[in-house]
Amino acid sequence: MVSSMSTPEITAGLPLFGEERAVRAVAEVEAQAAKSISIEDVSVSYALGRAARRSVLENISLEIEEGEFVVLLGETGCGKSTLLRMLLGQERPTEGTISVAGSKVERVDARSGYVPQRYSLFPDRTVLDNLMMGPLTSNYHILGRLRPSFWGARRAVREEAFRQLAHMGLQASDAGKYPHQLSGGMQQRVAIAQALMMKNRVLLMDEAFSALDPSTRGSLQRLLRSVWSETRPTVVFVTHNTAEALFLGTRVIVLARESKDDACGSRVALDMKLAEGGMTLRSHGQEFLDLVEHIEAVSNGGRLTDLSGRRTALDRCGEDSGLAGRVGVFHEVGETR
Amino acid sequence: MTNLSPFDIQARPNRLLAQALSAVLFVVCIGLYMQTSIARHRENPEDRVVPSGHQLLAGVRSAVLEPAEEDDYIAPDNASTWERLRHSMIWKDTASSGKRFFISLGLLIPFVVLAVHIGLFPWFGAGFLRFFLFFDKIVALSLLPILFIAFGIDEWSKIALIVIGVAPTMILDVTQMVKAVPQEQIVKAFTLDANNFDVAYRVVFRQVMPQVINSLRLNLKPMMLFLFAGEMIAASDGLAYRIAIMRRHMGMDVILPYVLWVALLLFLIDFSLRTINRRLHPWFQA
């Protein structure tokens, strides 16, 4: 992988007089590696009949650094899952380019781990087989299993699978169960472990906890945050739950449309870095509520209807970023609308 | 208290009652047959249209223990029951029909694999799907004369008829199953570094396999139907051939046991496939 290359390795093939060029090359490689995900001027639209088109996303540009926990927020239909599918390579943008880990995304591959909301596990495989599938498939494709080294590798992967299982708070006795024998929460724990088994530096999660009850959801959010803290992969997490976004993310990106018109796609309405991350109502009280109010106002098109004589959250988070200065919890990278 | 209303959707008949109800129609059929048989035999003791219990028993005995008329084999007097059974008419016919049936079944496997490709790989879909959609509408029996001309009247024309009759439907069925595999599963497999063939055979094929077996179970009867059509027109042995021959002789005492034997064979094949499915794919029952 590019990011793991040392300077001598990179400069080895360059002529001596090209030192400056080598330094520049190293700088470029490092800059590229630091930008885990790069979205450049991406627009997506679909044909509606002969002439009309429906715009889903419009001129989205984002740079996501390695190790960031980015949460994509927005109303249903605002295009956040579409954006995630493009990061995966499942869909292609109508315009613009997307790069993950330094190279352009053109098809689904193993650069990113993926945890969807549903069907996250293969129903015909036990939990253990689900966990082992990635590493084994990666090294031994369909006929590769005939190689003698397969069984040794399988043993090692099996041990790692049990370690991941324990890490996710599951019992060793769950290893032999099929996905339908697990609760929704357990299934998503296994799905996260399955993605982690591949040791990807990028993890894409599409409404991964949306179908769970609040208590299970809470425990999985804590688990995910602790897993992220340990290994710091780049995570892009799609949700429509603002509280979840504030708890999980170190950066919250809100996508919203300016109007209901088909020709008008979603843009980045708010791009906000949380200084600490992990905000909850209990830990941050009123500031948390203010932020939720602000984000929801932005995702609803920036209009607050019940002002009750108070300054709106939008006003407070306006040009002078008053709220940011006051509570010291977050600062806004930019409000593009 | 058990609700006895037959029009109550929420009724829960107990096990004994349910089993008794399941047996009622069988008993009614047997009763009606017996009554008709007795009535006809009262008028004509030699009646062969609705054979009596004795006549049926004699027919079964001749089918199971005696060679076919066209065979030269004469069992020695001291031949064992097993020896007689091995040279019997029903054994010969079952083996002939079975061979045709199972060769056809084997020939359907490549079509199932093709269907997985059609459902999964866009190039295959573009190339094959419309062709099979059209081909499925051709009445297979109308091709029978062509098959006889092309393959002659021996085994292959009958086998080809079964395959041509069933394969398009199965291909379309399996293609739909493959398309119904959630896209998330396919994307997930690619993110786990699976290549195209891993996805096709180790993700999709494994997941649709129980449904493919179920589809095969549903196609057992059409397969037998095509086999019977072929055998009745041009064959020198086989279950349908025997039924056709016996019809000429009004041999209802053999035809009826043969009909029940074919039904039993199909039931056993279906039962075996269902058991295999349950054993191999315990996750599918959930």
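Predicted model: local features only at pLDDT ≥ 70, side-chain atom pairs only at ≥ 80, totals over all residues.
**Entry 1: a salt bridge inside one helix**

I started with Glu160(A) and Arg163(A), whose side chains meet in a salt bridge at 2.8 Å, N to O. Where do Glu160(A) and Arg163(A) lie? I found both in helix H5 of chain A, residues 149-167. They sit three residues apart, which is about one turn of the helix.

Then I looked up how open each partner is. Glu160(A) has a relative accessible area of 17%, and the limit for buried is under 20%, so I wrote it down as buried. Arg163(A) comes out at 53%, and exposed means over 50%, so this one goes down as exposed.

**Entry 2: a salt bridge in chain B**

Next I went to Glu70(B), which forms a salt bridge with Lys92(B). The closest N and O atoms of this pair are 3.0 Å apart. Glu70(B) is in the loop between helix H2 (53-65) and helix H3 (81-86) of chain B, while Lys92(B) is in helix H4 (residues 89-120), so the pair ties together parts that are 22 residues apart in sequence. I checked Glu70(B) for accessibility too, and at 34% it is partly exposed.

I also noted a network in chain A: Glu68(A), Arg251(A), Asp271(A) and Lys273(A) are joined by salt bridges that share partners.

**Entry 3: a salt bridge between the chains**

How many salt bridges does the structure hold over all chains? I got 25. One pair crosses between chains, from Asp124(A) to Arg206(B). Asp124(A) is in the loop between strand E6 (112-115) and helix H4 (127-139) of chain A, and Arg206(B) is in helix H9 of chain B. Their side chains meet at 2.8 Å, N to O. For chain B and chain A, the salt bridge count is one.

Is Asp124(A) buried or exposed? Asp124(A) is buried, with a relative accessible area of 7%. Arg206(B) has 34% relative accessibility and counts as partly exposed.

**Entry 4: the rest of the interface**

I then took in the whole contact between the two chains. On the chain B side 24 residues are in contact, and on the chain A side 31. The buried area between them is about 2,500 Å², and carbon and sulfur atoms give 61% of that. Which three residues supply more than any other three of the area that chain B buries against chain A? I wrote down Lys188(B), Leu192(B) and Arg202(B), which supply 28% of it.

Helix H8 (183-191) and helix H9 (196-233) of chain B each supply at least two residues of the side that touches chain A. I sorted the residues of that side as well, and got 12 nonpolar, six polar and six charged.

**Entry 5: aromatic rings**

Time for the rings. I counted 17 aromatic pairs over all chains. For Phe209(A) and Phe237(A), the ring centres are 5.4 Å apart and the planes are at 55°, so the pair is tilted. This pair links distant parts of the chain, 28 residues apart. Phe209(A) is in the loop between strand E7 (202-206) and helix H7 (214-231) of chain A, and Phe237(A) is in strand E8 (residues 234-238). Phe209(A) is buried at 0% relative accessible area, and Phe237(A) is buried at 0% too.

Over in chain B, Phe121(B) and Phe124(B) have ring centres 6.0 Å apart and planes at 50°, so this pair is tilted. Phe121(B) counts as buried at 17% relative accessibility, whereas Phe124(B) is partly exposed at 32%.

Which cluster do these two rings belong to? I found one aromatic cluster made up of Phe121(B), Phe124(B), Phe128(B), Phe131(B), Phe132(B), Phe135(B), Phe197(B), Tyr201(B) and Phe205(B).

**Entry 6: chain A overall**

Last, I zoomed out to chain A. It has 11 helices and 11 strands. Of its 337 residues, 50% count as buried. I also looked up the contacts in chain A with a separation of 6 or more, and residues 24 or more positions apart account for 66% of them.

How values were computed: Residues numbered from 1 in each chain as written. Chains lettered and ligands numbered in written order. Heavy atoms only, no water. Contact = heavy atoms within 4.5 Å. Buried area = accessible area lost by both parts, 1.4 Å probe. Salt bridge = Lys/Arg side-chain N within 4 Å of Asp/Glu carboxyl O. Helix = DSSP H or I, 4+ residues; strand = E, 2+ residues; numbered from the N terminus. Nonpolar A, V, L, I, M, F, W, Y, C, P; charged D, E, K, R; others polar. Phe/Tyr/Trp six-rings, centres within 6.5 Å; stacked < 30°, edge-to-face > 60°. Buried < 20%, exposed > 50% of the residue type's maximum accessible area, 1.4 Å probe, protein only.
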